[in-house]
Amino acid sequence: MHEYSIVQALLDRSVAEARARGAVAVARICVAIGDVAGVEAELLRSAYELVREGSICARAELEVRPVPALWRCRDCGAEVASGAALRCSACGGPVRLAAGDEIVLERLELEVA
Amino acid sequence: MCEDCGCGDAALVPVEIQESLLAGNDRTARHNREHFDAHGVVAINLMGSPGSGKTALLEATARLRPELRMGAFSGDLATDNDARRLEAAGIRARSITTGSACHLDAEMVHRALHHVALDATDVMVIENVGNLVCPAIYDLGQHANVVTLAVTEGEDKPLKYPVMFRKADLVLLTKIDLLPYLDFDLAAVEDALARTMPHPRVIRISARTGENVDRWLAWLAARAASHPVSAEA
């Protein structure tokens with residue numbers, strides 16, 4: 001369950017930002033999690049419930065924005081559907097993951113007195 | 001701010017961060033990679049299910065290529081059994097016990113690196129915790145990801161664990177000496193890998209009989225030759 005490690009990093013980063021900006025509390029934490037990042041949003045939420053207690057994030061709502069996987073041909077840029085063979089159906093070129101593997105802290109909402 | 005009574009409600013301030021939650025790990029991983037590069041060492045992150053044959057593969061590698069100066073870190077939740085098996089096979093091994101963690105991270109590898117002599121090493125294999133999920137997320141500073149998939153595990157594992165197989169540079173289909181006793185569909189696993197690996201590369205291998213271990217060794221040698229530092233040696 002690596003979601004605990006991820007959430008600990010999330011909490012550490014949020015607490016550091018809140019302190020640096022003199023916030024009294026964190027109101028909202030917005031993260032983006034790619035569909036093929038290997039992180040389960042539900043596990044992330046339950047891990048978050050445990051770690052936020054007693055911290056400056058105790059009342060902060062966790063907002064998870066899922067990012068769909070997007071495969072594109074390296075040569076011609078055509079989109080390749082997830083689940084299909086990872087070859088471009090238009091030109092036969094190799095494909096790369098253009099989106100969907102992000103585990104990103106996007107934004108915080110801080111309460112500043 | 002409360003306008004009615006001036007009670008001092010806090011103001012909400014949005015702050016853009018846009019930072020990977022793996023940024024700290026990735027920084028340490030880069031540091032590890034620089035360390036490997038500086039010593040001309042090729043580092044391999046070896047991943048796969050528990051019992052998929054990671055340790056047996058390394059034993060066979062040492063048996064068939066004794067002149068290869070191989071070092072290994074063995075990640076396990078508990079015991080140093082794998083490291084002891086590797087030491088017995090002539091590999092300089094060190095165990096990293098993770099406690100309850102289901103994967104190795106760059107910091108664990110960094111700490112372990114302080115205890116090994118990389119100058120006398122050609123290939124460093126980081127044998128990850130047996131697990132097809134969590135280890136795939138963490139960069140350790142390796143140059144390549146190798147995933148073992150045993151024919152006893154079932155053909156659809158790549159489809160069930162796409163994150164792991166997407167990151168694999170090479171899949172070793174292990175225990176192929178058992179194929180006569182199984183209903184394992186080789187075409188189905190190749191198809192599953194084509195749907196999960198951007199550059200599918202598979203070697204069917206048996207550590208027990210030694211079949212195709214030479215092909216794995218050739219892949220490893222090619223990997224070492226393409227390495228900027230060792231290429232000059």
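**Entry 1: B:Lys175**

For the terms, buried means under 20% relative accessible area, exposed means over 50%, and partly exposed lies in between (1.4 Å probe, protein chains only). B:Lys175 is not a glycine, yet its phi is positive, about 65°. I located B:Lys175 in the loop between strand E7 (170–174) and helix H7 (186–196) of chain B. I take helices (H or I, at least four residues) and strands (E, at least two) as DSSP runs, numbered from the N terminus.

I noted the ground rules here. The model is predicted, local features need pLDDT of at least 70, side-chain atom pairs count only at pLDDT 80 or more, and totals for chains, interfaces and linings use all residues. Residues are numbered from 1 along each chain as its sequence is written, chains are lettered from A and ligands numbered from 1 in the order in which they are written, and side-chain values use heavy atoms, with hydrogens and water left out.

**Entry 2: B:Asn212**

I then turned to B:Asn212, another residue other than glycine with a positive phi, near 65°. B:Asn212 sits in the loop between strand E8 (202–204) and helix H8 (213–225) of chain B. B:Asn212 is partly exposed, at a relative accessible area of 22%.

Contact means heavy atoms within 4.5 Å.

**Entry 3: chain B overall**

I counted eight helices and eight strands in chain B. The C-alpha trace of chain B spans about 85 × 45 × 35 Å along its principal axes. Of the 233 residues in chain B, 50% are buried. I looked at contacts in chain B between residues at least 6 apart in sequence, and 73% of them join residues at least 24 apart. Chain B has 23 positive and 32 negative side chains, with the centres of the two sets 6 Å apart. Lys and Arg count as positive, Asp and Glu as negative; His and the chain ends are not counted. Each charge is placed at NZ of Lys, CZ of Arg, CG of Asp or CD of Glu.

**Entry 4: chain A**

I found two helices and six strands in chain A. From the N terminus on, they run α-β-α-β-β-β-β-β. The C-alpha trace of chain A spans about 55 × 25 × 15 Å along its principal axes. A compact globule of 113 residues would have a radius of gyration near 13 Å, but chain A has 18 Å. That radius is taken over C-alpha atoms, and the globule rule is 2.2 Å times the number of residues to the power 0.38. Buried residues make up 47% of chain A. I counted 13 positive and 17 negative side chains in chain A, their centres 5 Å apart.

**Entry 5: where the chains meet**

How many residues of chain B are in contact with chain A? I found 27, against 36 residues of chain A. The area buried between the two chains is about 2700 Å², and carbon and sulfur atoms give 61% of it. Buried area is the accessible area (1.4 Å probe) that two parts lose on being put together, summed over both. In chain B, B:Val15, B:Leu21 and B:Arg166 lose the most area to chain A, together 24% of what that side buries.
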